[in-house]
Amino acid sequence: TESKAASEAERAAAVEAGRMDTWRRLKETFCFLYDVSCLGANSFRPELDGEAFRSCTRVRWLHARTRAHIWNTCRPVTNDEYFESEASRGGIDKTAYDEDKSEKDKPLV
């Protein structure tokens with residue numbers, strides 16, 4: 001019972017953290033939309049240190065940081081790694097795939 005109550009508390013905390021993260025992201029999006037649509041054309045001029053220009057630059061930086069994080073943490077899976085993981089779960093048999101492939105490569109006579 002104690003571990004069940006702890007896991008429920010952890011789940012509730014995760015839900016609340018998710019709500020706060022969603023709210024923060026929505027707030028950032030609305031601030032960006034306000035900056036680029038309500039402050040006028042001069043706010044896009046970098047030499048005037050315009051708010052819209054700074055807001056666009058910040059969004060571009062956030063997206064670049066996210067892409068870099070994804071690029072650094074995710075790597076493509078090779079065919080051998082895929083077949084090994086599937087074989088360990090009782091899925092695809094690589095030898096059957098190789099045999100099927102070799103049949104397709106044979107010339108038609």
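Colleague: Which relative accessibility does R54 have, and how does R54 count?

Modeller: Buried means under 20% relative accessible area, exposed means over 50%, and partly exposed lies in between, with a 1.4 Å probe and protein chains only. R54 counts as partly exposed, because its relative accessibility is 40%. Before we go on: this is a predicted model, in which local features need pLDDT of at least 70, side-chain atom pairs count only at pLDDT 80 or more, and totals for chains, interfaces and linings use all residues. Residues are numbered from 1 along each chain as its sequence is written, and side-chain values use heavy atoms, with hydrogens and water left out.

Colleague: Thanks! How many helices and strands does the protein have?

Modeller: Helices (H or I, at least four residues) and strands (E, at least two) are DSSP runs, numbered from the N terminus. Here there are four helices and zero strands, and the pattern along the sequence reads α-α-α-α.

Colleague: How far does α2 reach from its first C-alpha to its last?

Modeller: The idea is to compare a helix with its expected span, which is 1.5 Å times one less than its number of residues. With 23 residues, α2 reaches 33 Å, close to the 33 Å expected.

Colleague: And which residues are buried in α2?

Modeller: A52, S55 and L62 are buried there. S55 has a relative accessible area of 10%, so it is classed as buried.

Colleague: What does S55 touch?

Modeller: Contact means heavy atoms within 4.5 Å. Leaving aside residues up to four places away in sequence, S55 touches F32 and D35. S55 and F32 are 23 residues apart in sequence, yet their C-alpha atoms are 6.0 Å apart in space.

Colleague: Where does S43 lie?

Modeller: Look in the loop between α1 (2–38) and α2 (51–73). S43 is classed as buried because its relative accessible area is 7%. Not counting residues up to four places away in sequence, S43 touches D35, G50, E51, A52 and F53.

Colleague: Now the charged side chains. How many salt bridges does a search of the whole structure find?

Modeller: Side chains of opposite charge can pair when their charged atoms come close. A salt bridge is a side-chain nitrogen of Lys or Arg within 4 Å of a carboxyl oxygen of Asp or Glu. The search finds eight. In one of them, E16 pairs with R19, with the closest N and O atoms 3.5 Å apart. E16 and R19 are separated by about one helical turn, because they are three residues apart in helix α1. E16 is partly exposed at 39% relative accessibility, whereas R19 is exposed at 54%.

Colleague: Which residue forms a salt bridge with E47?

Modeller: That is R45, and the closest N and O atoms are 2.8 Å apart. E47 counts as exposed at 55% relative accessibility, while R45 is partly exposed at 37%.

Colleague: Where is D49 found?

Modeller: D49 sits in the loop between α1 and α2. D49 has a positive phi of about 55°, although it is not a glycine. The D49 side chain meets that of R54, your opening residue, in a salt bridge of 3.3 Å, N to O. D49 is partly exposed, with a relative accessible area of 47%.

Colleague: Which residues are linked in a network of salt bridges?

Modeller: D21, R24, R25, E28 and R58 make up that network. R24 has its place in helix α1 and is partly exposed at 38%. A polar contact is a pair of N or O atoms within 3.5 Å; within protein, one must be able to donate a hydrogen and the other to accept it, and residues adjacent in sequence count only if both atoms are side-chain atoms. The side chains of R24 and D21 are joined by one of 2.5 Å.

Colleague: Finally, which residues make the nonpolar surface patch?

Modeller: Patches are made of residues with over 30% relative accessible area and no salt bridge: like charges are joined within 9 Å, nonpolar side chains (Val, Leu, Ile, Met, Phe, Trp, Tyr) within 5 Å. Accessible areas come from the Shrake-Rupley method with a 1.4 Å probe, and for residues only the protein chains shown count as cover. Here M20, W23, L26, F30 and L33 make a patch of about 540 Å². W23 lies in helix α1 and is exposed at 51%. The protein exposes about 9,600 Å², with 58% of it supplied by carbon and sulfur atoms.
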